[in-house]
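This report sets out selected features of the model shown below, arranged by region.

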Amino acid sequence: MTKEQLEFLNIMTELRKLNISSMLPEITMGEFDVLKRIEDVKGEDGRARISCVVRSMCMPPPAISRAMGILETKGYIRRDVDRRDRRNTLVEITASGEALIKEVDAIMEEFADAVFGNMGEDIMQKLNAYLRQFAETSKAEVAKRKYKGNR
């Protein structure tokens with residue numbers, strides 16, 4: 001591995017180790033991601049099918065279920081069986097969950113503004129373009145090298 005490749009991997013590890021959850025009140029970033037996804041996929045009645053939430057996330061279903069259990073225990077969501085189709089479970093965000101979303105969104109916006117402000121707009125635009133190119137190149141290379149065996 002070259003020096004640049006190793007440095008890149010070390011930087012990515014440092015970013016992954018950032019404890020963003022330490023800035024949040026009473027919730028982890030993973031739990032907040034689930035809460036936000038419920039908000040994103042909810043219907044006009046304010047409820048979302050749990051199966052839709054799971055399909056729309058890049059998290060293992062057991063992790064989503066565990067996060068929903070914690071969110072429910074904390075009073076941020078409410079789960080109920082769909083009366084029209086008992087095979088489906090619906091989830092809705094409570095008033096305290098809505099308040100938490102607003103609070104965390106404000107915290108994250110302030111954090112992002114500070115980081116991006118310290119870096120400068122020009123650097124951030126270039127960084128985003130480079131990272132987008134890196135992601136697209138990586139995705140293409142993974143597709144070329146995908147294991148063809150029986151796994």
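## The loop between α1 and α2

E26 is placed in the loop that runs between α1 (3-17) and α2. In this predicted model, the phi angle of E26 is near 60°, a positive value in a residue that is not glycine. Most residues other than glycine have a negative phi.

Is E26 buried or exposed? Its relative accessibility is 61%, and because the threshold for exposed is over 50%, E26 counts as exposed.

## Packing of α2 against α4

Helix α2 spans residues 29-41 and helix α4 spans residues 61-73; their axes come within 9 Å and cross at roughly 85°. Angles of 65 to 115 degrees count as roughly perpendicular, and α2 and α4 are therefore roughly perpendicular to each other.

Which residues form this contact? From α2 come E31, V34, L35 and I38, and these meet I64, A67, M68, I70 and L71 of α4. Sorted by class, the contact of α2 with α4 comprises eight nonpolar residues, no polar residues and one charged residue.

## The largest pocket

The largest pocket holds about 470 Å³ of space. Its lining consists of 15 residues, and those nearest the pocket centre are L15, V115, M124, L127 and L131.

Which helices supply the lining? At least two lining residues come from each of α1, α5 (95-119) and α6 (121-145). Helix α5 provides the largest share of the lining, with five residues. By class, the lining of the largest pocket has 14 nonpolar residues, one polar residue and no charged residues.

N88 sits in the loop between β2 (77-81) and β3 (89-93). The relative accessible area of N88 is 13%, and N88 is therefore buried, since buried means under 20%. With neighbours within four places in sequence set aside, N88 is in contact with R49, D80, V81 and D82.

E92 belongs to strand β3. At 24% relative accessibility, E92 counts as partly exposed, because this class lies between the limits of 20% and 50%. What does E92 touch beyond residues up to four places away in sequence? Its partners are G46, R47, Y76, I77 and R78. E92 and A114 are separated by 22 residues in sequence and lie 32 Å apart in space, C-alpha to C-alpha.

## Helix α6 and the segment after it

K144 is located in helix α6. With a relative accessible area of 59%, K144 is exposed. The C-alpha atoms of K144 and E109 are 38 Å apart in space, and these two residues are 35 residues apart in sequence.

K146 lies in the segment that comes after α6. Its relative accessibility is 58%, and K146 therefore counts as exposed. How far apart are K146 and F134, and what is their spacing in sequence? From C-alpha to C-alpha, K146 and F134 are 18 Å apart in space, while in sequence they are twelve residues apart.

Key
Residues are numbered from 1 along each chain as its sequence is written. This is a predicted model: local features need pLDDT of at least 70, side-chain atom pairs count only at pLDDT 80 or more; totals for chains, interfaces and linings use all residues. Side-chain values use heavy atoms; hydrogens and water are left out. Axes are lines fitted to C-alpha atoms, for helices over the stretch in contact, and angles run from 0 to 180 degrees between N-to-C directions. Helices (H or I, at least four residues) and strands (E, at least two) are DSSP runs, numbered from the N terminus. Angles under 35 degrees count as roughly parallel, over 145 as roughly antiparallel, 65 to 115 as roughly perpendicular and the rest as oblique. Contact means heavy atoms within 4.5 Å. Ala, Val, Leu, Ile, Met, Phe, Trp, Tyr, Cys and Pro count as nonpolar, Asp, Glu, Lys and Arg as charged, and the others, Gly among them, as polar. Buried means under 20% relative accessible area, exposed over 50%, partly exposed in between (1.4 Å probe, protein chains only). On a 1 Å grid over the protein atoms alone, a cavity is a set of points where a 1.4 Å probe fits but cannot get out, and a pocket is an open set with protein on both sides within 12 Å along at least five of seven lines; lining residues have an atom within 4 Å of a point. Grid points are joined across faces, edges and corners, and a volume is the space filled by probe spheres set on the points.
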